[in-house]
Amino acid sequence: MAEDRAQLELGARIRSLRERQGRPIRAVAEQAGVSESFLSQVERGVANPSVASLRSLAEALGATVASFFEDSREPIGHVVRAADRPTLIHPKRLWEDELLTPATARKLQVIMSVVEPGQGSGDEAYTHDSDEECVIVLEGRLEFWVAEDAYVLDAGDSILFESRVPHRNRNPGPDPARVLWITTPPSY
């Protein structure tokens, strides 16, 4: 199944990066604020991390979430062809991200996500080091929480917020949501 393959590939990328750095699993888990057994399960493709956990693991490894993308080749120039977009499929979350800006972008990052009904970033709110983030719902619907405020965004709606404020999201369905995430500076 595709999501099982994606989960295995994500875990293998995380393990490979950790091993290239010569770091024990315990040290990375501790720095990321997750249990050693959870990190082991992620690396073996048995568990899937929430967006918050994925960000914590990337930070602990001195990497970006984008480094976990499939085929994260650096594009030549500033053009990212639709057929060549680096893609990250979040295992079992039925969420797919495509990087629309070059991985070398330093001031702006645009990601297009497809979030399946009932799926989202997880129950745990997360933050990141971008200054601002704009989320635009192109199709479908997205429930969005920023701090204690809750919103329902329909197709055509957008929200702007500070990325350092805890936030999370969920697609209430019934259709997939296609969403643009624009962050400045890049932090994914």
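Which residues have the most contacts inside the largest nonpolar core?

## Nonpolar core

They are Ile 14, Leu 39, Phe 68, Val 135, Phe 144 and Trp 181, in a core of 38 residues. A nonpolar core is a set of buried Ala, Val, Leu, Ile, Met, Phe, Trp, Tyr and Cys residues joined through side-chain atoms within 4.5 Å. Buried means under 20% relative accessible area, exposed over 50%, and partly exposed in between (1.4 Å probe, protein chains only). Helix H4 (residues 51-60) gives this core its largest share, 6 residues.

Val 135 touches Leu 142, Phe 144, Asp 157, Ser 158, Ile 159, Phe 161, Val 179, Leu 180 and Trp 181, with residues up to four places away in sequence not counted. Contact means heavy atoms within 4.5 Å.

## Basis of the model

This is a predicted model: local features need pLDDT of at least 70, side-chain atom pairs count only at pLDDT 80 or more, and totals for chains, interfaces and linings use all residues. Residues are numbered from 1 along each chain as its sequence is written, and side-chain values use heavy atoms, with hydrogens and water left out.

Helices (H or I, at least four residues) and strands (E, at least two) are DSSP runs, numbered from the N terminus.

## Helices H2 and H3

Helix H2 (residues 25-32) and helix H3 (residues 36-43) have axes that come within 8 Å and cross at roughly 110°. H2 is therefore roughly perpendicular to H3. That label covers 65 to 115 degrees; under 35 counts as roughly parallel, over 145 as roughly antiparallel, and the rest as oblique. Axes are lines fitted to C-alpha atoms, for helices over the stretch in contact, and angles run from 0 to 180 degrees between N-to-C directions.

On the H2 side, Ile 25, Arg 26, Val 28 and Ala 29 take part; they meet Glu 36, Leu 39, Ser 40 and Glu 43 of H3. The contact holds 4 nonpolar, 1 polar and 3 charged residues. Here Ala, Val, Leu, Ile, Met, Phe, Trp, Tyr, Cys and Pro count as nonpolar, Asp, Glu, Lys and Arg as charged, and the others, Gly among them, as polar.

## The open sheet

An open sheet of 6 strands runs in the order E1-E2-E3-E9-E4-E7, with antiparallel pairing. Strands E1 (87-90) and E7 (158-162) stand at the edges; each has a single partner strand, so one side of each lacks a neighbour in the sheet. From one strand to the next, the twist averages 20°. Two strands pair if DSSP finds at least two bridges between them.

E1 pairs with E2 (residues 95-99) over 4 bridges. His 90 has Trp 95 in E2 as its bridge partner. Strand E9 (residues 177-184) pairs with E3 (residues 109-115) over 7 bridges, and with E4 (residues 132-139) over 7 bridges. In E9, Trp 181 stands opposite Ile 111, while Leu 180 stands opposite Ile 136.

## Asn 169

Asn 169 belongs to strand E8 (residues 167-170). Asn 169 is buried, at 1% relative accessible area. Its contacts beyond four places in sequence include Trp 95, Tyr 126, Phe 144 and Trp 181.

## Backbone points

Two cis peptide bonds deserve a look. One joins Gly 173 and Pro 174, with omega about 5°; Pro 174 sits in the loop between E8 and E9. Another runs from Thr 184 to Pro 185, with omega near -10°. Pro 185 lies in the segment after E9.

Ala 147 has a positive phi, near 55°, and is a residue other than glycine. Ala 147 is in the loop between strands E5 (141-146) and E6 (149-154). Ala 147 is partly exposed, at 43% relative accessible area.
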